[in-house]
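Have the structure open and try each task before reading its solution.

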Amino acid sequence: MRIPALLVASLGLVGACAGTYRYEAAGRGLAQVTQDESQASAAPGTGGVAARANVRHDVIVRVAVPRAEQVAWRLDCGGDVVSGVVGETLEAYRARRSGGTYVDRAIVVPPHDGACTVALWPQDGADPTGISGAFEVTRVIRRDAELRARREVQVGQAQAARVAIRAQLIAQGADVEARARAEAAVQAQPQAQAEIRFRAEASVRARAQAEAEVRARAEAELWAEASQCRGELRAYLVAQGADPMRRRRELEARAQAELALRLRMQEEQRRRDAEAAAIAAELGHRQDLAIDARLRLRAMLLALGARERPPMPPPLDEDPGLSPSSYAAWIAGRWQWSGQAWEWQAGFWSEVEQPGAV
């Protein structure tokens, strides 16, 4: 039997939504067949499937029609109403000559709990005899929304149990202020710890400052003693005949030697640059003389009747043909100047040395 399908809403990719949505079969129901839409509105269909508020419901509606007829359907799912039309016209039926089962789909989100029902009636007041229908409902539940709802229920139950336990404890004489005193003690504890920590840090800073001052005084005293010792040693060496200005004179002599060397190197570089410039000028002069002599010689030869050599023509296309042997190499032709004109030297095959030949 032929079953045409009308896809009203896309259901998405199941693989992509598998981690976010959970699909739950809600059940199946039978559609109520009426004469027209007014009867369907006055008497909701029987055989409904339970609908859950604020949850997406995917509904598949199947309608069996024994003849050429268009059938309207209406889905009421917890207050969310969707309608459609299935079937075919008489002209389409004449082309096909058979009845059929038609499938339609709908997506609804009920605003409140209730039941999903489907009503069927023929279009244009036709005969409803033989028309039947059924539908399937699948709930598409978001996992995160389901978890949130479950947590809200658990939190509500925990709060209710807490209130009941507190009331019971108070009735048995429990101290309602004990928790507040314990919290106050816990809050006062960090303040006391902060004060102790501040005092300890201040003591550490004072000790470090005192140690730094002692170290600075010791270093100053040591430096003074070292300076005094150096002065005494210098006076002793001078009394023994040492030259106190020797080191300075050596440094000055080294600096003068380095300066003289740098000046000599600069003078040598200037001399080399001057020689290179003179050589370049001489080469340029000689080149100019050679060009001038060449131009004069050319003019003299042309005056005596000589002809200028024309530019070499482009190479000629040659057909080497088949190689005479597997050891022959083609030598391409070329132009050669004969003294009067360009002459073409044809290409030829040349035997190459065979590998392993003696």
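**Exercise 1.** Decide whether arginine 270 is buried, partly exposed or exposed in this predicted model.

*Solution.* Start with the number: the relative accessible area of arginine 270 is 48%. Now bring in the cut-offs: buried means under 20% and exposed means over 50%, with partly exposed in between. So arginine 270 counts as partly exposed.

**Exercise 2.** Find which side chain arginine 270 meets in a salt bridge, and say where the two partners sit.

*Solution.* First, the partner is glutamate 267, at 2.6 Å from N to O.

**Exercise 3.** Work out how glutamate 282 and arginine 286 are paired and how exposed each one is.

*Solution.* These two form a salt bridge, with their closest N and O atoms 3.1 Å apart. Both are in helix α6, four residues apart, again about one turn. Glutamate 282 has a relative accessible area of 37%, so it's partly exposed. Arginine 286 comes out at 53%, so it's exposed.

**Exercise 4.** Is aspartate 58 buried or exposed, and which side chain does it meet?

*Solution.* Aspartate 58 is at 9% relative accessibility, so it counts as buried. Its side chain meets that of arginine 56 in a salt bridge of 3.0 Å, N to O. Arginine 56, at 24%, is partly exposed.

Conventions:
Residues numbered from 1 in each chain as written. Predicted model: local features only at pLDDT ≥ 70, side-chain atom pairs only at ≥ 80, totals over all residues. Heavy atoms only, no water. Salt bridge = Lys/Arg side-chain N within 4 Å of Asp/Glu carboxyl O. Buried < 20%, exposed > 50% of the residue type's maximum accessible area, 1.4 Å probe, protein only. Helix = DSSP H or I, 4+ residues; strand = E, 2+ residues; numbered from the N terminus.
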